[in-house]
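Please read the sequence and the structure below together. The paragraphs after them go through the fold one part at a time.

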Amino acid sequence: MSYFDTLGRPLRNLRISVTDRCNLRCQYCMPEEEYVWLPREDLLRFEETNSLVDIFAELGVDKVRLTGGEPLLRRDLPTLVRMLAAKPRIRDLAITTNGVLLSEQAQALHDAGLGRVTVSLDTLRPERFKRLTRRDDFARVLEGINAVGRAGFKGLKLDSVVMRGINDDELVDLIEYGKRVGAEVRFIEYMDVGGATLWSMDAVLPRAAMLERLERHYGRIEPLIEESTAPADRFVLPDGTIFGIISSTTAPFCRSCDRSRLTADGIWYLCLYAKDGTDLRGPLRAGASPQAIKALIIPTWQNRTDRGAEERLALAHRSPLLPVGELRKDPHLEMHTRGG
Ligand code: SF4
């Protein structure tokens, strides 16, 4: 059974944040010194997440991505992976991680049934990594990336947020690194989401500029023509290497967006930019039946009108989405709580 929103987009793709904590402090996501964290007692237990995924799967969700914060900080994550991987309706179970803890956990995650891994990696320069993330974990991330293939995963992706004047001189280096480790690199335009308090349009390197720079180095780049609701447009280099660009800021893909997000404390958001979400933890803990929770989810999705990035694009003047004061009042507005 599929359910569609007001723009005909199906309820299909669920991103589940398993923790709002992170062990890095990336400039485009967590640039502040201090954060307000979700109360620990509010975090969904694995059994609760599992019950909600059963309900979502019955409503049409067949893709699940585990996110954070940094998901590998959640204790015993393979236990949750095992629960989710056992669901026949979930045909794609993936994780997005910063890679710091990956070398220790890749094998257990693979053995538990995780399907795919995406590692966020914005630079190949150790000093720059330290400056960008305010942590000295570059070597551990590379170890983590190496561990992915050893553990038996296929289809590794590397996601790089490109910021003008910060790391936009590394596009070619990142693609070459991707070739060496067997990963598809995806460049992401710097986004003005909640938490990106240092964002400015000047720091965005648009897709067209990325392609121009890459063509200058590699020669002609062809777009890959494919039917997909994936956020990345994919391209082919003359040597056959495929890479992607996620142009959420200058060419949003809201019209085909089938993604929704469940925070670690069970609030369900219909868009990365949404100000409000639907509390599913409350009813679940109050003993609501799966039918009652479905009755909450179905009309919420059917009434969905969200197209946050398109609305941002239409603004004459863009600045950070929210001031720090508002983020402090409600940590759910932070990208690191929503899972990016
Ligand atoms: S801005 Fe919202 S609707 Fe648009 S692609 Fe992102 S999550 Fe989907």
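**Loops, helices, core and ligand**

G69 sits in the loop that connects β2 (63-67) to α2. The model is a predicted one. The peptide bond between G68 and G69 is cis, with an omega of about 10°. The loop between β2 and α2 also holds D76. D76 is not a glycine, yet its phi is positive, about 60°. Most peptide bonds are trans, and most residues other than glycine have a negative phi.

Helix α3 spans residues 102-112, and its buried residues are L102, Q105, A106, L109 and A112. These lie on the same side of α3, because they cover an arc of only 140° around the axis. An α-helix has 3.6 residues a turn, so residues three or four places apart point the same way. E104 and D111 are exposed, on the face of α3 turned away from the buried side. What do the buried residues of α3 pack against? Their partners are α2 (77-85), β3 (92-97), β4 (116-120) and α5 (138-151). Just after α3 comes G113, with a positive phi of about 110°.

A147 belongs to helix α5, and its relative accessible area of 4% makes A147 buried. Leaving out residues up to four places away in sequence, A147 touches L102, S103 and A106. V162 is 15 residues from A147 in sequence, and the two C-alpha atoms are 25 Å apart in space.

Helix α4 covers residues 126-133, with R128, F129, L132 and T133 buried. Their arc around the axis is only 110°, so they are on the same side of α4. E127 and R131 are exposed on the other side of α4. The buried residues of α4 pack against α5. R134 follows α4 and lies in the loop between α4 and α5. The phi of R134 is positive, near 55°, although R134 is a residue other than glycine. With 31% relative accessibility, R134 is partly exposed.

In soluble globular proteins, nonpolar side chains tend to be buried together. Here the largest nonpolar core has 107 residues, and the members that touch the most others are L66, F187, F243 and W268. Apart from neighbours within four places in sequence, L66 is in contact with I16, V18, P71, L77, L80, V81, L84, A94, I95 and T96.

How many disulfides does the structure hold? There are 0. C22 shows why: the closest cysteine sulfur, in C26, is 6.4 Å from its own, too far for a bond, since a disulfide needs the two sulfur atoms within 2.5 Å. C26 is likewise in no disulfide, and the nearest cysteine sulfur to it is that of C22. C22 is buried, at a relative accessible area of 19%, and C26 is buried too, at 15%.

The last stop is the ligand. Around the ligand are F253, C254, C257, R261, C271, L272, Y273, R304, D306, R307, G308 and A309. This shell is made up of 7 nonpolar residues, 1 polar residue and 4 charged residues.

Conventions. Residues numbered from 1 in each chain as written. Predicted model: local features only at pLDDT ≥ 70, side-chain atom pairs only at ≥ 80, totals over all residues. Heavy atoms only, no water. Near = heavy atom within 4 Å. Nonpolar A, V, L, I, M, F, W, Y, C, P; charged D, E, K, R; others polar. Buried < 20%, exposed > 50% of the residue type's maximum accessible area, 1.4 Å probe, protein only. Helix = DSSP H or I, 4+ residues; strand = E, 2+ residues; numbered from the N terminus. Arc of directions from axis to C-beta. Contact = heavy atoms within 4.5 Å. Core = buried A, V, L, I, M, F, W, Y, C linked by side-chain atoms within 4.5 Å.
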